[in-house]
Amino acid sequence: MALGLLAVVVLAFTSLQVASLRAGQQGRELQAVVREMENFMERLRQDPQGIPALCNGALALGGKQGTCTAIPCNVAQDGGLACPTAGDVRAFQVVLRVEEKRLETVVYRP
């Protein structure tokens, strides 16, 4: 009877350990994708003139497929953004999606 109880406890502990290892791996993958997304956004902030070329649809980040959308905007009278805009583009509303993750920012042009 003691061996049976020990076996049940060991099996429960083993399944808990396996679930913990899976969750750790998923967390590392998520962290890598988010880091790649943040690095891509930083590249866009550093080169706002190149946004139309860099952010033009499908892309791969962190080994995952995603999309980047840049909406041209202008600064409205109240200081907000008027998107989309025609004419003088003063900013871009950038939306980056990779799987279920989404990052959004506004990049102003100098």
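Accessible area is worked out with the Shrake-Rupley method and a 1.4 Å probe. With that in mind, let us look at this protein, which is a predicted model. It exposes about 7,400 Å², and carbon and sulfur atoms supply 58% of that area.

**The overall picture**

Two helices and five strands make up the secondary structure of the protein. Starting at the N terminus, the elements follow the order α-α-β-β-β-β-β. The radius of gyration is 23 Å, well over the 13 Å that the globule rule gives for 110 residues, so the protein is more spread out than a compact globule. Along the principal axes, the C-alpha atoms fill a box of roughly 80 × 30 × 20 Å.

Of the 110 residues, 22% count as buried. Among contacts with a separation of 6 or more, 44% are accounted for by residues 24 or more positions apart. As for charge, there are 11 positive and 10 negative side chains, and the centres of the two sets lie 5 Å apart.

In soluble globular proteins, nonpolar side chains tend to be buried together. Here, the largest nonpolar core has 16 residues, and those with the most contacts inside it are F40, L44, I51, L61, C68, V94 and L96. Which elements give two or more residues to this core? They are α1 (2-46), β1 (57-61) and β4 (91-98). The largest share, five residues, comes from α1.

Leaving aside neighbours within four places in sequence, F40 is in contact with L54, L59, L61, C68 and L96.

T105 is found in strand β5, which covers residues 101-108, while V98 lies in strand β4. Are they buried or exposed? Buried means under 20% relative accessible area. T105 counts as buried because its relative accessibility is 15%, and V98 counts as buried because its value is 0%.

The table lists what each one touches, not counting residues up to four places away in sequence.

| Residue | Relative accessibility | Residues touched |
|---|---|---|
| T105 | 15% | M41, R45, F92, Q93 and V94 |
| V98 | 0% | V33, M37, L61, K64, Q65 and G66 |

One of the residues touched by T105 is V94, and V94 is also among the core residues with the most contacts.

Definitions and conventions:
Residues numbered from 1 in each chain as written. Predicted model: local features only at pLDDT ≥ 70, side-chain atom pairs only at ≥ 80, totals over all residues. Heavy atoms only, no water. Helix = DSSP H or I, 4+ residues; strand = E, 2+ residues; numbered from the N terminus. Rg over C-alpha atoms; globule rule 2.2 N^0.38 Å. Buried < 20%, exposed > 50% of the residue type's maximum accessible area, 1.4 Å probe, protein only. Contact = heavy atoms within 4.5 Å. Lys, Arg positive; Asp, Glu negative; His and termini not counted. Charge placed at Lys NZ, Arg CZ, Asp CG, Glu CD. Core = buried A, V, L, I, M, F, W, Y, C linked by side-chain atoms within 4.5 Å.
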